[in-house]
Amino acid sequence: MASLTAAAGGSALASGCTGVQSALNPHGERADALAVLFWIFTAVLGLVWLVTMAGLFFALTRRRDSRGEPAQAHPAVKRPVRIAFAAMLTSTVIILSGLAVLSFDGQRAVFGDGAGAAVTISVIGHQWWWQVRYEGNNGFETANEIRIPVGSAVDIKLTTGDVIHSFWIPSLAGKLDLIPGKSNELRIQADKPGVYRGQCAEFCGQQHAHMAIFVVALEPSEFERWRAKQAAPARSMAHLAKQSVFASAASSPFAALSEHSQ
Ligand SMILES: [Cu+2]
């Protein structure tokens with residue numbers, strides 16, 4: 001039991017950085033750029049924190065003047081102090097400028113529009129679900145699930161039917177809001193097949209926490225098969241009229257149907 005609990009605890013801890021919904025477990029070009037940015041900021045600012053703490057420690061533990069005289073009210077600023085101040089000011093300007101340039105560069109990589117996308121999908125936010133519309137001649141709709149081909153750029157047009165929502169698939173791309181009266185566009189791309197979870201990232205009402213969306217990345221051939229099937233007109237239900245769909249307790253009503261028809 002204890003080992004079970006420990007294992008569960010360990011996996012819960014690890015799942016903070018991995019799994020189907022993590023910006024630190026990127027599976028797309030744009031998510032990669034964001035993850036790199038995160039680690040650079042963490043490393044540089046971690047180093048600044050360490051140097052600051054070392055300076056503080058040094059100042060606190062330094063031996064006092066052996067003569068034990070009270071500090072002067074207006075001591076003359078000594079040369080080493082001036083040098084230290086100049087160094088701190090210069091390094092602050094250099095570090096902040098460097099991070100700002102990296103940040104703007106990352107922004108371009110995440111939101112800059114590239115070449116034409118393979119697939120364009122409209123996503124409309126609702127309280128509290130995602131309407132997904134595949135545009136084109138044989139357009140169709142799904143809900144709370146987006147299927148995309150692996151390795152292709154997919155443009156997502158974001159609008160909302162009611163309030164502000166925010167579309168965020170951490171493993172694939174950055175975050176972008178859905179604003180009433182406005183259309184935003186975000187590009188996603190998955191490097192390998194899998195299921196990637198997203199979550200509405202803007203509080204939008206009571207059921208906001210349950211407003212999840214899944215991106216299923218399929219091999220291109222598999223995606224095309226699925227798309228063709230979705231786009232095909234619905235089959236007539238006339239032949240089902242005489243059958244009792246709920247007669248069987250089988251998990252799938254369709255399994256029950258095929259049993260009846262034999
Ligand atoms: Cu929402």
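Student: What makes up the protein chain, and how confident is the prediction overall?
Tutor: The protein chain has five helices and ten strands. Its pLDDT averages 81, and 76% of the residues score at least 70.

Student: Where is confidence highest and where is it lowest?
Tutor: Confidence is highest in strand S6, at 95, and lowest in helix H5 (residues 253-261), at a mean of 43. Residues 248-262 stay under 50 in pLDDT, and the model gives them eleven contacts beyond four places in sequence. Residues 4-12 also stay under 50, with zero contacts beyond four places in sequence. Where pLDDT is low, the predicted coordinates should not be read in detail.

Student: Why is Lys-192 called exposed?
Tutor: The label applies at 12 or fewer other C-beta atoms within 10 Å. Lys-192 has 10 such neighbours, and therefore counts as exposed. Lys-192 is found in the loop between S8 and strand S9 (194-199). Leaving aside neighbours within four places in sequence, Lys-192 is in contact with His-27 and Val-150. The C-alpha atoms of Lys-192 and His-27 are separated by 6.9 Å, although the two are 165 residues apart along the chain.

Student: What makes Trp-39 exposed?
Tutor: Trp-39 has 11 other C-beta atoms within 10 Å, and the limit for an exposed residue is 12 or fewer. Trp-39 is therefore exposed. Trp-39 lies in helix H2, and its C-alpha is 9.0 Å from that of Leu-24, 15 residues apart in sequence.

Student: Why are Ser-152 and Asn-144 described as partly exposed?
Tutor: A residue is partly exposed when its count falls between the exposed limit of 12 and the buried limit of 20. Ser-152 has 15 other C-beta atoms within 10 Å, so it is partly exposed. Asn-144 has 14 and therefore receives that label as well.

Student: Where do these two residues lie?
Tutor: Ser-152 lies in the loop between S4 and S5. Beyond four places in sequence, Ser-152 touches Ala-118, Val-119, Gln-189 and Pro-220. Its C-alpha is separated by 8.4 Å from that of Asp-191, 39 residues apart along the chain. Asn-144 is found in the loop between strand S3 (140-143) and S4. Phi of Asn-144 is near 60°, a positive value in a residue other than glycine.

Student: Which peptide bond is cis?
Tutor: The bond joining Gln-127 and Trp-128 is cis, with omega about 5°. Trp-128 is found in the loop between strand S1 (119-126) and S2.

Student: How do you know that the end-to-end reach of H3 agrees with its number of residues?
Tutor: At 1.5 Å a residue, the 33 residues of H3 should span 48 Å; the end C-alpha atoms are 48 Å apart, so the two values agree. H2 also has 33 residues, and its reach of 48 Å is close to the 48 Å expected.

Student: Why is H3 said to lie largely in the open?
Tutor: A buried residue needs 20 or more other C-beta atoms within 10 Å. The number of H3 residues that are buried is zero, so H3 lies largely in the open. H2 is hardly covered, with three buried residues: Arg-30, Ala-31 and Leu-34. These buried residues of H2 pack against helix H3 (79-111) and S8.

Student: Why are H2 and H3 called roughly antiparallel?
Tutor: Their axes cross at roughly 170°, and angles over 145 degrees count as roughly antiparallel. H2 and H3 are therefore roughly antiparallel to each other. The axes come within 9 Å. Among the residues that meet are Leu-37, Ile-40 and Val-44 in H2, and Leu-99, Leu-102 and Gly-106 in H3.

Student: Which residues have the most contacts inside the largest nonpolar core?
Tutor: The largest nonpolar core has 25 residues, and those with the most contacts inside it are Ile-148, Ile-156, Phe-167, Ile-169, Leu-172, Ile-188 and Val-215. The elements giving two or more residues to this core include helix H2 (29-61), strand S5 (154-160) and strand S10 (212-218). Ile-148 touches Val-119, Val-154, Ile-188, Ala-190, Val-215, Ala-217 and Phe-223, not counting residues up to four places away in sequence.

Student: How much of the protein chain counts as buried?
Tutor: Of its 262 residues, 17% count as buried.

Terms used
Residues numbered from 1 in each chain as written. Predicted model: local features only at pLDDT ≥ 70, side-chain atom pairs only at ≥ 80, totals over all residues. Core = buried A, V, L, I, M, F, W, Y, C linked by C-beta atoms within 7 Å. Helix = DSSP H or I, 4+ residues; strand = E, 2+ residues; numbered from the N terminus. Contact = placed C-beta atoms within 7 Å. pLDDT = per-residue confidence, 0-100. Expected span 1.5 Å × (residues − 1). Axes fitted to C-alpha atoms, helices over the stretch in contact; angles between N-to-C directions. Parallel < 35°, antiparallel > 145°, perpendicular 65-115°, else oblique.
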